[in-house]
Amino acid sequence: MWIQPNMQPIERWLRLYFGVIIVAIYFFNPFPYKEWTFSGLLLIATAATGYCPVYTFLRKRKEKRGSQL
(Lines give C-alpha, C1' and ligand atoms only; values in the text may rest on other atoms or scores of the structure.)
Protein backbone atom coordinates (compact mmCIF):
# COMPACT_ATOMS: atom_id res chain seq x y z
CA MET A 1 0.00 0.00 0.00
CA TRP A 2 1.44 3.36 -1.02
CA ILE A 3 0.89 6.37 1.21
CA GLN A 4 1.00 9.74 -0.52
CA PRO A 5 2.99 12.29 1.53
CA ASN A 6 0.88 15.31 2.49
CA MET A 7 3.35 17.42 4.50
CA GLN A 8 5.82 20.10 3.50
CA PRO A 9 9.56 19.40 4.00
CA ILE A 10 9.97 22.13 6.63
CA GLU A 11 7.14 20.65 8.67
CA ARG A 12 8.72 17.20 8.44
CA TRP A 13 12.01 18.58 9.80
CA LEU A 14 10.22 20.41 12.62
CA ARG A 15 8.30 17.29 13.62
CA LEU A 16 11.49 15.27 13.61
CA TYR A 17 13.30 17.91 15.68
CA PHE A 18 10.62 18.21 18.35
CA GLY A 19 9.99 14.46 18.40
CA VAL A 20 13.65 13.77 19.14
CA ILE A 21 13.62 16.42 21.87
CA ILE A 22 10.58 14.85 23.54
CA VAL A 23 12.11 11.37 23.41
CA ALA A 24 15.45 12.70 24.70
CA ILE A 25 13.72 14.31 27.69
CA TYR A 26 12.44 10.87 28.65
CA PHE A 27 16.00 9.53 28.92
CA PHE A 28 17.12 12.41 31.15
CA ASN A 29 14.08 12.44 33.45
CA PRO A 30 11.78 9.45 32.78
CA PHE A 31 9.32 9.61 35.65
CA PRO A 32 7.01 12.56 34.93
CA TYR A 33 7.41 12.42 31.15
CA LYS A 34 6.85 8.71 30.50
CA GLU A 35 3.52 9.23 28.72
CA TRP A 36 4.91 12.06 26.57
CA THR A 37 7.37 9.68 24.93
CA PHE A 38 4.58 8.18 22.83
CA SER A 39 3.72 11.58 21.35
CA GLY A 40 7.39 12.08 20.50
CA LEU A 41 7.46 8.74 18.72
CA LEU A 42 4.33 9.71 16.76
CA LEU A 43 6.00 12.94 15.66
CA ILE A 44 9.06 11.00 14.50
CA ALA A 45 6.92 8.45 12.64
CA THR A 46 4.90 11.09 10.79
CA ALA A 47 8.12 12.95 9.91
CA ALA A 48 9.69 9.76 8.56
CA THR A 49 6.70 8.87 6.37
CA GLY A 50 5.65 12.40 5.43
CA TYR A 51 2.02 11.45 5.94
CA CYS A 52 -0.33 12.89 8.56
CA PRO A 53 -3.74 11.17 8.79
CA VAL A 54 -5.26 14.24 10.48
CA TYR A 55 -4.48 16.34 7.39
CA THR A 56 -6.24 13.80 5.18
CA PHE A 57 -9.30 13.85 7.44
CA LEU A 58 -9.44 17.65 7.52
CA ARG A 59 -9.02 17.92 3.74
CA LYS A 60 -11.91 15.50 3.10
CA ARG A 61 -14.06 17.37 5.60
CA LYS A 62 -13.26 20.70 3.94
CA GLU A 63 -14.08 19.34 0.47
CA LYS A 64 -17.36 17.90 1.72
CA ARG A 65 -18.33 21.20 3.33
CA GLY A 66 -17.39 23.11 0.17
CA SER A 67 -19.74 21.00 -1.95
CA GLN A 68 -22.68 21.78 0.34
CA LEU A 69 -22.36 25.55 -0.16
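Thr37 sits in helix H2, which spans residues 36–49; helices here are DSSP runs of H or I with at least four residues, numbered from the N terminus. With a relative accessible area of 13%, Thr37 counts as buried, on a scale where buried means under 20%, exposed means over 50% and partly exposed falls in between (1.4 Å probe, protein chains only). From Thr37 to Leu16 the C-alpha distance is 13 Å, across 21 residues of sequence. The model is a predicted one, so local features need pLDDT of at least 70 and side-chain atom pairs count only at pLDDT 80 or more, while totals for chains, interfaces and linings use all residues. Residues are numbered from 1 along each chain as its sequence is written, and side-chain values use heavy atoms, with hydrogens and water left out.

Helix H1 takes in residues 9–28, and Val20 is part of that run. Val20 comes out as partly exposed, at 45% relative accessibility. Between Val20 and Gly40 there are 6.6 Å, C-alpha to C-alpha, although the two are 20 residues apart in sequence.

Helix H1 also holds both Glu11 and Arg15, 4 residues apart, or about one turn of the helix. Their side chains meet in a salt bridge at 3.1 Å, N to O; the term calls for a side-chain nitrogen of Lys or Arg within 4 Å of a carboxyl oxygen of Asp or Glu. The structure holds 1 salt bridge. Arg15 is buried, its relative accessible area being 16%.

Tyr17 and Phe18 make an edge-to-face pair, with 5.2 Å from centre to centre and 75° between the planes. Rings of Phe, Tyr and Trp (its six-membered ring) pair if their centres lie within 6.5 Å, and planes under 30 degrees apart count as stacked, over 60 as edge-to-face and the rest as tilted. Tyr26 and Phe27 are edge-to-face too, because their planes stand at 65°, with the ring centres 5.6 Å apart. Phe18 is partly exposed at 43%, and Tyr26 is partly exposed at 25%, whereas Phe27 is exposed at 64%.

Charge gathers on the surface as well: Arg59, Arg61, Lys62 and Arg65 form a patch of positive charge. Patches take residues with over 30% relative accessible area and no salt bridge, joining like charges within 9 Å and nonpolar side chains (Val, Leu, Ile, Met, Phe, Trp, Tyr) within 5 Å. Arg65 belongs to helix H3, residues 53–68, and is exposed, with a relative accessible area of 53%.

Key: Accessible areas come from the Shrake-Rupley method with a 1.4 Å probe; for residues, only the protein chains shown count as cover. Lys and Arg count as positive and Asp and Glu as negative; His and the chain ends are not counted. The place of a charge is taken as NZ of Lys, CZ of Arg, CG of Asp or CD of Glu. Helices (H or I, at least four residues) and strands (E, at least two) are DSSP runs, numbered from the N terminus.
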